[in-house]
Amino acid sequence: MKIETKCLHAGYTPKNTEPRVVPIVQSTTYVYDSTDDVAAVFDDPTKSLIYSRFENPTVMAVEDKIAALEGGIGAMCTSSGQAASLLSLLNILKAGDSFISAATIYGGTVNLFAYTLKKLGIECIFVNADASEDEIRAAFKPNTKAVFGETLANPALAVFDIEKFAKIAHENGVPLIIDNTFPTPILCRPFEYGADIVIHSTTKYMDGHAVQGGGVIVDSGNFDWTNGKFPEFTEPDESYHGTIYTKTYGKAAYIIKARMQLMRDFGCYPSAQSAFYLNLGLETLHIRMKQYCENALTVAKFLEANEHVESVNYPALEGNKYHELAKKYLPDGTSGVISFVIKGGRNTAVKFMDSLKLASNEVHVADIRTCVLHPASATHRQLTDEQLVACGINGGLIRLSVGLENVEDILDDLKGAFAAID
Ligand SMILES: *Cc1c(COP(=O)(O)O)cnc(C)c1O
């Protein structure tokens, strides 16, 4: 199946007389014929349904669809993107370990990595993703167990060189985890460039309609966990009657371990209702992503030509710092998200934003409706000035998430707001 067809059909194939649409299985529990059947499920929870914290048929259909879209062997949905980032790392790291992350990532992820994981004894070594290969190699320590980056960073819109980092991660015997939230698998499939694990905040384009939050972890099945660096995968798990994940589950060791240990213990699973909405969003993802890219490119070109605008950051624009990387990794477009710096700094930015009528002020991005956000006073408020600079944020910076309205209406709205700051 081509990706457009997968959006509609992957993950759920109804049999004779079954519902055409993925049903919402609103049940926390499942019944068994005998005590022995229950016991068998506890021996290996992957064999059948056990309890909603482990699996639910509606959620499973969505997991299989997303795994198919990314080209992975399995996926696990979580209750938020933050939960997906957290679990993707905790599945590999423990107190005393470190990992490397690009500094240019989502602000919420910076907080998680720099503060909360630190409290758990896990060190994040931030690197400049544009640094040379040797500089990045030098950041590795003997206890470094993973590398993390964002395909298209929110909100800096830096394009991450997946192949460069995959190569360096693999030289060091560790996996590369990619947050692929902004491109979605429609615009980029990181496994094709050597990434090992992909995560998403499904709250953004995948849901697309701003109706529910969620996250997902997808496993490529390609990483070799038996290389000696990951004893948790190759030694018996006492919390599961001595299961050895790589032995019992082979290529699926990572994603099954995530479910059996981390979902079991942290419990951040999505509801069946949320999974149902997410599935509806995924069904039109291929159409929506194309239109977002088309509208945003038109808007980016308009902004670039506007006298009030100091700079426009949209990697699909010629002359953008990341244009070459965008051509390689995001040949069909760089999503609906644009950031631009308005002349006059913070106050002008606020006045401009408050003058918009169609676009709304929202702590959201990748909505179906056009929305704007001032990162310095919202999502990135907790960051120090130094961290702000590292994330590429300026006081006049506006993040514009171009929606699916007619682009002429979006342009008219922007023209009106520019007139208001004259
Ligand atoms: C929003 C976002 C997250 C966090 O996801 P939530 O669903 O809000 O928890 C992580 N990464 C990126 C790139 C995001 O945009």
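This is a short tour of a predicted model, stop by stop, with what to select and what is there.

Because the model is predicted, local features need pLDDT of at least 70 and side-chain atom pairs count only at pLDDT 80 or more, while totals for chains, interfaces and linings use all residues. Residues are numbered from 1 along each chain as its sequence is written, and side-chain values use heavy atoms, with hydrogens and water left out.

**Stop 1: the ligand**

Select the ligand and the residues around it. The shell holds 13 residues, and the closest are Asn154, Asp179, Ser201, Thr203 and Lys204; a residue belongs here if one of its heavy atoms lies within 4 Å of the molecule. By class, 2 are nonpolar, 8 polar and 3 charged. In that sorting, Ala, Val, Leu, Ile, Met, Phe, Trp, Tyr, Cys and Pro are nonpolar, Asp, Glu, Lys and Arg are charged, and the others, Gly among them, are polar.

Now show the polar contacts, meaning pairs of N or O atoms within 3.5 Å. At Gln82, a polar backbone atom is 2.9 Å from an oxygen atom of the ligand. For Thr203, an N or O atom in the side chain is 2.6 Å from a ligand oxygen. Taken alone, the ligand exposes 380 Å², and the protein buries 91% of that. Accessible areas come from the Shrake-Rupley method with a 1.4 Å probe; for residues, only the protein chains shown count as cover.

**Stop 2**

The peptide bond from Asn154 to Pro155 is cis, with omega near 0°. Pro155 sits in the loop between strand E4 (144–150) and helix H7 (162–171). Helices (H or I, at least four residues) and strands (E, at least two) are DSSP runs, numbered from the N terminus.

Most residues other than glycine have a negative phi, and most peptide bonds are trans. With that in mind, select Thr17, which has a positive phi of about 70° although it is not a glycine. Thr17 is in the loop between helix H1 (3–9) and helix H2 (35–43). Next, go to Ala366, another non-glycine residue with a positive phi, near 70°. Its loop runs between strand E10 (360–361) and strand E11 (371–373).

Is each of these two residues buried or exposed? Thr17 is exposed, at 77% relative accessible area, whereas Ala366 is buried, at 0%. Here buried means under 20% relative accessible area, exposed over 50%, and partly exposed in between (1.4 Å probe, protein chains only).

**Stop 3: salt bridges**

Side chains of opposite charge can pair when their charged atoms come close. How many salt bridges does the structure hold? There are 16, each one a side-chain nitrogen of Lys or Arg within 4 Å of a carboxyl oxygen of Asp or Glu.

Start with Glu4 and Lys290, whose side chains meet at 3.8 Å, N to O. This pair links distant parts of the chain, with Glu4 in helix H1 and Lys290 in helix H13 (residues 285–304), 286 residues apart. Glu4 is partly exposed, at 31%.

Then pick Glu163 and Lys328, where the closest N and O atoms of the salt bridge are 2.5 Å apart. Glu163 belongs to helix H7 and Lys328 to helix H14 (residues 323–329), so the pair ties together parts that are 165 residues apart in sequence. Glu163 is partly exposed at 35% relative accessibility, and Lys328 is partly exposed at 36%.

Remain in helix H14 for Lys327 and Glu324, which lie 3 residues apart, about one turn of the helix. Their side chains form a salt bridge at 3.5 Å, N to O. Lys327 is partly exposed, at 48%, while Glu324 is exposed, at 56%. Finally, select Glu133, Asp134, Arg137, Lys167 and Glu171, which salt bridges with shared partners join into one network.

**Stop 4: a last look**

Select Pro190, in the loop between helix H8 (184–187) and strand E6. Pro190 is buried, with 0% relative accessibility.

Methods
A polar contact is a pair of N or O atoms within 3.5 Å; within protein, one must be able to donate a hydrogen and the other to accept it, and residues adjacent in sequence count only if both atoms are side-chain atoms.
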